[in-house]
Amino acid sequence: MEMIPPELIGRAVQDPEFRSRLLADPKGAVAAEGYELDEEQIEALQQLDPEAIDKAIEALVGELDSTKWG
């Protein structure tokens, strides 16, 4: 299985609106933005827990902020 493209992950981390669309409808979101993923990659996105993803991103951003400004 191929990895999900890093630019897609980065975009999802930085853009909450895109992340919501991606987690709600991975196939539609990637197609609308011009990304090309295979079925295994789409299935992997469909299995993600949106709440867990949001918490992980909040923790990451908090950690980056404390490193930068702490």
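Tutor: A polar contact is a pair of N or O atoms within 3.5 Å; within protein, one must be able to donate a hydrogen and the other to accept it, and sequence-adjacent residues count only if both atoms are side-chain atoms. This is a predicted model, in which local features need pLDDT of at least 70 and side-chain atom pairs pLDDT 80 or more, while totals for chains, interfaces and linings use all residues. Residues are numbered from 1 along each chain, and side-chain values use heavy atoms, without hydrogens and water.

Student: Thanks! Which residue has a side-chain oxygen that reaches the backbone nitrogen of Glu17 at the start of H2?

Tutor: H2 is a helix covering residues 16-24; helices (H or I, at least four residues) and strands (E, at least two) are DSSP runs, numbered from the N terminus. At the start of H2, the oxygen comes to within 3.2 Å of that nitrogen. The residue that supplies this oxygen is Asp15.

Student: What share of the residues counts as buried?

Tutor: Buried means under 20% relative accessible area, exposed over 50%, and partly exposed in between (1.4 Å probe, protein chains only). The protein has 70 residues, and the share of them that counts as buried is 24%.

Student: Is Arg19 buried or exposed?

Tutor: Arg19 has its place in helix H2. A polar atom of its side chain lies 3.2 Å from the backbone oxygen of Val13. Beyond its neighbours within four places in sequence, Arg19 is in contact (heavy atoms within 4.5 Å) with Ala12, Val13, Ile53, Asp54 and Ile57. Its relative accessible area is 11%, so Arg19 is buried.

Student: What arc do the buried residues of H2 cover around its axis?

Tutor: The buried residues of H2 are Phe18, Arg19, Leu22 and Leu23. They lie on the same side of H2 because of the arc they cover, whereas Glu17 and Ala24 are exposed on the other side. That arc is only 125 degrees.

Student: And how far apart are the axes of H2 and H3?

Tutor: Phe18, Arg21, Leu22, Leu23 and Ala24 in H2 meet Pro26, Ala29, Val30 and Glu33 in H3. The two helices pack at an angle of about 130 degrees; axes are lines fitted to C-alpha atoms, for helices over the stretch in contact, with angles from 0 to 180 degrees between N-to-C directions. The axes of H2 and H3 are apart by 5 Å.

Student: Within what arc do the buried residues of H3 fall?

Tutor: H3 buries Pro26, Ala29 and Val30. Seen down the axis, these buried residues line one face of the helix, because they fall within a limited arc. They pack against H1, H2 and H4, while Ala31 and Ala32 on the other side of H3 are exposed. The arc is 90 degrees.

Student: At roughly what angle do the axes of H3 and H4 cross?

Tutor: Pro26, Lys27 and Val30 in H3 meet Glu39, Ile42, Leu45 and Gln46 in H4. The axes of H3 (residues 26-33) and H4 (residues 39-46) come within 9 Å, and they cross at roughly 120 degrees.

Student: Last one: which residue just after H3 takes a positive phi?

Tutor: Helix H3 covers residues 26-33. Just after H3, the phi is about 85 degrees, and the residue that takes it is Gly34.

Notes: Arc of directions from axis to C-beta.
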